[in-house]
Amino acid sequence: MTVNKVILVGNLGGDPECRVIANSGAKVTNVSLATSETRNKERPTTWHKLVFFGRLADIVEMVARKGNKVYVEGRISAREYESQGQKKKSFEIVCNQFQMLHNNEESRPIVAPPPKEQETPIDVPENDIPF
(Lines give C-alpha, C1' and ligand atoms only; values in the text may rest on other atoms or scores of the structure.)
Protein backbone atom coordinates (compact mmCIF):
# COMPACT_ATOMS: atom_id res chain seq x y z
CA MET A 1 0.00 0.00 0.00
CA THR A 2 1.18 3.52 -0.79
CA VAL A 3 -0.12 6.92 0.28
CA ASN A 4 0.26 10.15 -1.65
CA LYS A 5 -1.41 12.85 0.45
CA VAL A 6 -0.32 16.40 1.15
CA ILE A 7 -1.75 18.89 3.65
CA LEU A 8 -0.47 22.46 3.52
CA VAL A 9 -1.31 25.70 5.31
CA GLY A 10 0.25 28.87 3.97
CA ASN A 11 -0.22 32.15 2.14
CA LEU A 12 -0.98 32.52 -1.55
CA GLY A 13 1.90 34.08 -3.47
CA GLY A 14 -0.26 35.56 -6.21
CA ASP A 15 -3.76 35.72 -7.63
CA PRO A 16 -4.98 32.46 -9.17
CA GLU A 17 -4.43 31.99 -12.91
CA CYS A 18 -7.22 30.13 -14.67
CA ARG A 19 -7.29 28.55 -18.14
CA VAL A 20 -9.30 26.04 -20.12
CA ILE A 21 -7.59 22.97 -21.61
CA ALA A 22 -8.23 23.12 -25.34
CA ASN A 23 -8.80 19.46 -26.18
CA SER A 24 -10.99 18.59 -23.16
CA GLY A 25 -12.59 21.88 -22.14
CA ALA A 26 -11.61 21.22 -18.50
CA LYS A 27 -10.91 24.26 -16.32
CA VAL A 28 -7.56 24.46 -14.51
CA THR A 29 -6.47 27.03 -11.92
CA ASN A 30 -2.85 27.46 -10.81
CA VAL A 31 -1.54 29.45 -7.87
CA SER A 32 1.60 29.41 -5.71
CA LEU A 33 1.59 28.84 -1.95
CA ALA A 34 4.29 29.93 0.52
CA THR A 35 4.97 27.90 3.66
CA SER A 36 7.61 28.17 6.34
CA GLU A 37 8.45 25.92 9.27
CA THR A 38 8.60 28.69 11.87
CA ARG A 39 7.45 32.25 12.22
CA ASN A 40 10.93 33.74 12.52
CA LYS A 41 12.93 34.93 9.53
CA GLU A 42 15.72 32.37 9.96
CA ARG A 43 13.95 29.58 8.10
CA PRO A 44 13.51 29.99 4.34
CA THR A 45 10.13 30.05 2.68
CA THR A 46 9.17 27.02 0.62
CA TRP A 47 7.07 27.65 -2.49
CA HIS A 48 4.55 25.10 -3.76
CA LYS A 49 2.72 25.00 -7.09
CA LEU A 50 -0.98 24.28 -6.54
CA VAL A 51 -3.31 22.97 -9.26
CA PHE A 52 -7.12 22.84 -9.08
CA PHE A 53 -9.46 21.25 -11.63
CA GLY A 54 -13.16 21.52 -12.49
CA ARG A 55 -15.61 23.19 -10.09
CA LEU A 56 -12.91 23.64 -7.44
CA ALA A 57 -10.85 25.57 -10.03
CA ASP A 58 -13.84 27.92 -10.52
CA ILE A 59 -14.25 28.48 -6.78
CA VAL A 60 -10.55 29.16 -6.17
CA GLU A 61 -10.48 31.61 -9.08
CA MET A 62 -13.48 33.49 -7.61
CA VAL A 63 -12.52 33.69 -3.91
CA ALA A 64 -8.73 33.37 -3.53
CA ARG A 65 -6.39 36.35 -3.71
CA LYS A 66 -2.70 37.03 -3.16
CA GLY A 67 -1.81 36.95 0.54
CA ASN A 68 -4.84 34.86 1.64
CA LYS A 69 -4.07 32.23 4.24
CA VAL A 70 -5.40 28.89 3.01
CA TYR A 71 -5.53 25.19 3.87
CA VAL A 72 -5.26 22.69 1.00
CA GLU A 73 -5.25 18.92 0.68
CA GLY A 74 -4.16 16.99 -2.37
CA ARG A 75 -1.49 14.77 -3.84
CA ILE A 76 2.00 15.32 -5.22
CA SER A 77 2.26 15.03 -8.98
CA ALA A 78 5.44 15.10 -11.07
CA ARG A 79 5.54 16.41 -14.64
CA GLU A 80 8.42 15.97 -17.05
CA TYR A 81 9.05 18.50 -19.79
CA GLU A 82 11.82 19.68 -22.06
CA SER A 83 13.32 23.16 -21.93
CA GLN A 84 16.20 24.31 -24.13
CA GLY A 85 16.96 20.70 -25.06
CA GLN A 86 17.17 19.50 -21.45
CA LYS A 87 14.71 17.23 -19.68
CA LYS A 88 13.32 18.77 -16.50
CA LYS A 89 10.95 17.64 -13.78
CA SER A 90 8.42 19.80 -11.97
CA PHE A 91 6.41 18.90 -8.86
CA GLU A 92 2.98 20.28 -8.07
CA ILE A 93 0.16 19.66 -5.63
CA VAL A 94 -3.06 18.54 -7.33
CA CYS A 95 -5.62 19.78 -4.81
CA ASN A 96 -8.97 18.20 -4.00
CA GLN A 97 -9.80 20.32 -0.95
CA PHE A 98 -9.48 24.04 -0.34
CA GLN A 99 -10.29 26.16 2.69
CA MET A 100 -9.86 29.88 3.27
CA LEU A 101 -8.50 30.60 6.74
CA HIS A 102 -9.27 33.76 8.68
CA ASN A 103 -7.64 35.18 11.77
CA ASN A 104 -9.53 32.68 13.91
CA GLU A 105 -8.75 29.93 11.35
CA GLU A 106 -12.39 28.80 11.30
CA SER A 107 -13.95 28.23 7.92
CA ARG A 108 -15.81 25.53 6.06
CA PRO A 109 -13.78 23.37 3.66
CA ILE A 110 -14.53 23.42 -0.05
CA VAL A 111 -14.23 19.89 -1.39
CA ALA A 112 -14.14 18.93 -5.06
CA PRO A 113 -17.53 17.46 -5.95
CA PRO A 114 -17.65 13.93 -7.36
CA PRO A 115 -17.87 13.74 -11.15
CA LYS A 116 -21.43 14.08 -12.42
CA GLU A 117 -22.98 11.16 -14.19
CA GLN A 118 -24.26 11.94 -17.66
CA GLU A 119 -28.01 12.48 -17.35
CA THR A 120 -30.18 11.13 -20.13
CA PRO A 121 -33.01 13.49 -21.12
CA ILE A 122 -36.50 12.04 -20.78
CA ASP A 123 -38.81 12.54 -23.74
CA VAL A 124 -42.31 13.27 -22.41
CA PRO A 125 -45.11 14.27 -24.81
CA GLU A 126 -46.64 17.66 -23.96
CA ASN A 127 -50.11 16.23 -23.38
CA ASP A 128 -48.70 13.92 -20.62
CA ILE A 129 -47.51 16.85 -18.46
CA PRO A 130 -50.07 17.38 -15.65
CA PHE A 131 -49.81 21.19 -15.49
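This is a predicted model: local features need pLDDT of at least 70, side-chain atom pairs count only at pLDDT 80 or more; totals for chains, interfaces and linings use all residues.
**Group meeting: the core, the helix and a loop residue**

Let me begin with the largest nonpolar core, which has 17 residues, and in which those with the most contacts are Leu8, Leu33, Leu50, Phe52, Val70, Val72 and Phe98. By a nonpolar core I mean a set of buried Ala, Val, Leu, Ile, Met, Phe, Trp, Tyr and Cys residues joined through side-chain atoms within 4.5 Å, and buried means under 20% relative accessible area, with exposed being over 50% and partly exposed in between, for a 1.4 Å probe and protein chains only. Two or more residues of this core come from each of strand S1 (6-12), strand S3 (27-35), strand S4 (46-53), helix H1 (54-63), strand S5 (69-83) and strand S6 (86-101), and S6 gives the largest share, four residues.

Residues are numbered from 1 along each chain as its sequence is written, and side-chain values use heavy atoms, with hydrogens and water left out.

As for the overall layout, the protein has one helix and seven strands, which run β-β-β-β-α-β-β-β from the N terminus; helices (H or I, at least four residues) and strands (E, at least two) are DSSP runs, numbered from the N terminus. Of its 131 residues, 28% count as buried. If we take contacts (heavy atoms within 4.5 Å) between residues at least 6 apart in sequence, 52% of them join residues at least 24 apart.

Turning to the helix, Leu56, Ala57, Ile59 and Val60 are buried in H1. Seen down the axis of H1, the buried residues fall within an arc of 165° (taken from the directions from the helix axis to the C-beta atoms), so they line one face of the helix.

Glu61 also lies in helix H1, but Glu61 is partly exposed, with a relative accessible area of 31%. Not counting residues up to four places away in sequence, Glu61 touches Pro16, Cys18, Lys27 and Thr29, and its C-alpha atom is separated by 9.4 Å from that of Val28, 33 residues apart along the chain.

On cysteines, a search of the whole structure finds zero disulfides, a disulfide being a pair of cysteine sulfur atoms within 2.5 Å. Cys18 is partly exposed, at 29% relative accessible area, whereas Cys95 counts as buried, at 7%.

I will finish with Gln84, which lies in the loop between S5 and S6 and is exposed, with a relative accessible area of 81%. Phi of Gln84 is near 50°, a positive value in a residue other than glycine.
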